[in-house]
Amino acid sequence: MDINAMMGSQVLELQQTLQMSVMQNALNLNTSVAVELLKDMPQPQVAAHPYKGAVIDVSI
């Protein structure tokens, strides 16, 4: 096998590995940012029901 072909093949493999590493790092960063955004979201305040538990409506 020609040395140029071997080197070309190795360069392609290295580029592919580097692209996968960059993509993995980007995904990890986006995931951590999304988790932080979710943590920082204000929690909804639950309003008390005006008569829940105090009034019974019975129909026969």
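Author: A residue counts as buried when its relative accessible area is under 20%. Keep that in mind for this structure, which is a predicted model.

Reader: what box do the C-alpha atoms fill?

Author: Roughly 90 × 30 × 5 Å, taken along the principal axes.

Reader: different topic. how much accessible surface does the chain have, and what part belongs to carbon and sulfur?

Author: The accessible surface is about 6,200 Å², and carbon and sulfur atoms account for 64% of that.

Reader: which residues make a nonpolar surface patch?

Author: Ile-3, Met-6 and Met-7 make one of about 280 Å².

Reader: where does Met-6 lie?

Author: Met-6 is in helix α1, which covers residues 3-40.

Reader: why does Met-6 count as partly exposed?

Author: Because its relative accessibility is 36%, and partly exposed runs between the 20% limit for buried and the 50% limit for exposed.

Reader: now His-49. where is that one?

Author: His-49 sits in the segment after α1. At 46% relative accessibility, His-49 counts as partly exposed.

Reader: what separates His-49 from Ala-34?

Author: Along the chain they are 15 residues apart, and their C-alpha atoms are separated by 33 Å.

Key:
Residues numbered from 1 in each chain as written. Predicted model: local features only at pLDDT ≥ 70, side-chain atom pairs only at ≥ 80, totals over all residues. Heavy atoms only, no water. Patch = residues over 30% accessible without salt bridge, like charges linked within 9 Å, V, L, I, M, F, W, Y side chains within 5 Å. Areas by Shrake-Rupley, 256 points an atom, 1.4 Å probe, with all protein chains shown as cover. Salt bridge = Lys/Arg side-chain N within 4 Å of Asp/Glu carboxyl O. Helix = DSSP H or I, 4+ residues; strand = E, 2+ residues; numbered from the N terminus. Buried < 20%, exposed > 50% of the residue type's maximum accessible area, 1.4 Å probe, protein only.
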